[in-house]
Amino acid sequence: MKTVLLLGDLTGRSRVALRMLCAVLEARGYEVLMLPTALISNTLNLGRHAALDTTDYLLDSLAAWEALGITADLAYIGYITGMEQAQKLADVADGLRERGVPVVLDPILGDGGRKYNSVKEGQVQGMRLLMRHADLITPNLTEACLLAEEAYREDGGEVMAETLAQNGCGVLITSARAADGGDAVIGRTEDGTFVLPFERVPGHRWGTGDLFTGLLIDGLLLGRTAREAARMAGAGVERQLRGEEESLLPRP
């Protein structure tokens, strides 16, 4: 059985972030090691939330696991509280990669052309730091533009992928526009630059990005390339949104 290390926010309400990732990966038979970067009462879009930074607990837990010989085959880093936490997580990521554990970074910062409510500049700067310590990053188009310090533009996916890949990481932009104007995942990885079109399912469901990332991690652990894993993940999200298989997504 392979093991996945998840570091991100644990929300008290709604199956998103660590709650979604854990559900996806445990359903596929992985052992999940899950530690919160923060405890958050609810999703940030609601305009008000309570939060607790859990950096010290996270680092103490990792040290305990290392002493016990508990290891992972792949690590994920999501939501961060700011630059101070990011600097510590960069050291964690470097240690994992030195041991051959790939690190996937989901830079949770915003959507729809703007930052999420309560996301501060220190969190953006922290993600810019962390992407230089990751093997693969999975921003949406808004987050890609924030990381690249560029103005948001719907047709900028391929340029953003090329720009961010210069930091030494693979890039999958999960909600971009293809040259024909259609929705697509745009990647720049060891497979080169590629565009994976998809058909958007009407309506909005919280957690679809986290579902995609969980399915992506599954594909990577199965030995697929980033391109193949992204294609599999996109197809899996679409099946759940269309009701073709049992859905892990919260009810609309």
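The second largest pocket of this predicted model has a volume of about 370 Å³, a volume being the space filled by probe spheres set on grid points joined across faces, edges and corners. Here a pocket is an open set of points on a 1 Å grid over the protein atoms alone, where a 1.4 Å probe fits, with protein on both sides within 12 Å along at least five of seven lines; lining residues have an atom within 4 Å of a point. The lining comprises 16 residues, and L62, E66, V92, L96 and R99 lie nearest the centre. Two or more residues come from each of α2 (55-68) and α3 (83-98), with α2 giving the most, five residues.

Turning to the strands, β10 (residues 183-189) is largely enclosed by the rest of the structure, because six of its seven residues are buried, that is, under 20% relative accessible area with a 1.4 Å probe, protein chains only. Strands are DSSP runs of E of at least two residues, and helices runs of H or I of at least four, numbered from the N terminus. Strand β10 pairs (at least two DSSP bridges) in the antiparallel sense with β9 (residues 170-177) over five bridges, and V171 stands opposite R188. Five residues separate β9 and β10 in their hairpin, where G181 in the turn has a positive phi of about 90°. With β11 (residues 192-197), β10 pairs in the antiparallel sense over six bridges; two residues lie between them in this hairpin.

Residues are numbered from 1 along each chain as its sequence is written, and side-chain values use heavy atoms, without hydrogens and water. Local features need pLDDT of at least 70 and side-chain atom pairs count only at pLDDT 80 or more, whereas totals for chains, interfaces and linings use all residues.

Methods: Buried means under 20% relative accessible area, exposed over 50%, partly exposed in between (1.4 Å probe, protein chains only).
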